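Here are my notes on this model, as numbered points. Please read them with the coordinates open.

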Amino acid sequence: TNGLTSFSANSSNKLWLVTANAAIQYYDYGTGATTTGTMFISSMTPRGVAATDEALYVFGGESSSSGGPMALCYRYLASTNTVSSLPSLPAARARAAVAIQANGAILVLGGLTTATANAASASNSITRYNPTANTHETLAAVLPFRCWGAKTSRRADGTILILAAAGNATDDGVTLAITNRAALFNPTTGTCIALDSGGGYGTMGLLADNRTVVMGTPTLAKAI
């Protein structure tokens with residue numbers, strides 16, 4: 001994939017990939033076929049992505065020249081193989097986490113506000129994009145910690161679990177002061193609360209009882 005930077009799966013057996021040179025690929029793991037789509041602008045490295053059955057959304061990213069955060073947003077439609085610009089984020093963000101609510105609205109959580117990857121430049125903001133109205137809003141709720149590159153999972157009750165950097169996470173050789181943090185966002189109440197954050201989170205999966213099992217480094221496995 002020539003430098004995979006972001007990926008997202010949808011409910012139609014497709015895994016969407018965005019490479020470091022802003023190319024789009026989607027892999028159908030039902031048929032095993034890989035398709036290459038139209039590229040995003042080459043001056044940015046997309047980071048925050050979310051996939052629906054019809055489209056791939058990109059929110060912010062990094063400038064290919066300066067490495068600084070960008071506020072640009074795009075939507076790729078596989079049916080027409082076209083990329084269209086969306087309204088920019090309220091503030092530039094790089095490596096933000098993205099999650100799709102049950103109603104189709106898309107959350108953009110945290111992210112870096114400068115080109116320097118450290119705790120001081122991380123954000124705790126939450127914005128929401130409405131695909132129908134084509135608008136962004138900054139929510140009153142904020143994450144109970146500042147983070148970038150977090151993982152998200154929508155649970156059966158519609159709440160969004162956010163897991164921040166695992167252990168003393170590193171990226172580009174920079175050690176962060178943010179470790180092992182978890183939060184739960186409730187779209188119905190508009191609140192975001194901190195959860196037990198013991199252990200180093202690595203990956204997660206949904207359980208039938210609405211809990212999320214998280215597995216980390218080196219041996220953690222727990223349900224929250």
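1. Start with a side-chain to backbone contact. A polar atom of the S63 side chain lies 3.2 Å from the backbone nitrogen of S66. A polar contact here is a pair of N or O atoms within 3.5 Å; within protein, one must be able to donate a hydrogen and the other to accept it, and residues adjacent in sequence count only if both atoms are side-chain atoms.

2. On provenance: the model is predicted, local features need pLDDT of at least 70, side-chain atom pairs count only at pLDDT 80 or more, and totals for chains, interfaces and linings use all residues. Residues are numbered from 1 along each chain as its sequence is written, and side-chain values use heavy atoms, with hydrogens and water left out.

3. S63 belongs to strand 6, residues 55-63. Strands are DSSP runs of E, at least two residues, and helices are runs of H or I, at least four, both numbered from the N terminus. The protein has 21 strands and 0 helices.

4. Is S63 buried or exposed? S63 has a relative accessible area of 15%, so it counts as buried. The cut-offs are under 20% for buried and over 50% for exposed, with partly exposed in between (1.4 Å probe, protein chains only). Of the 224 residues, 46% are buried.

5. Now the rings. Y57 and F59 are stacked, at 6.2 Å centre to centre and 10° between the planes. Rings of Phe, Tyr and Trp (its six-membered ring) pair if their centres lie within 6.5 Å; planes under 30 degrees apart are stacked, over 60 edge-to-face, the rest tilted. Both Y57 and F59 are buried. Ring pairs join Y57, F59 and Y129 in a cluster.
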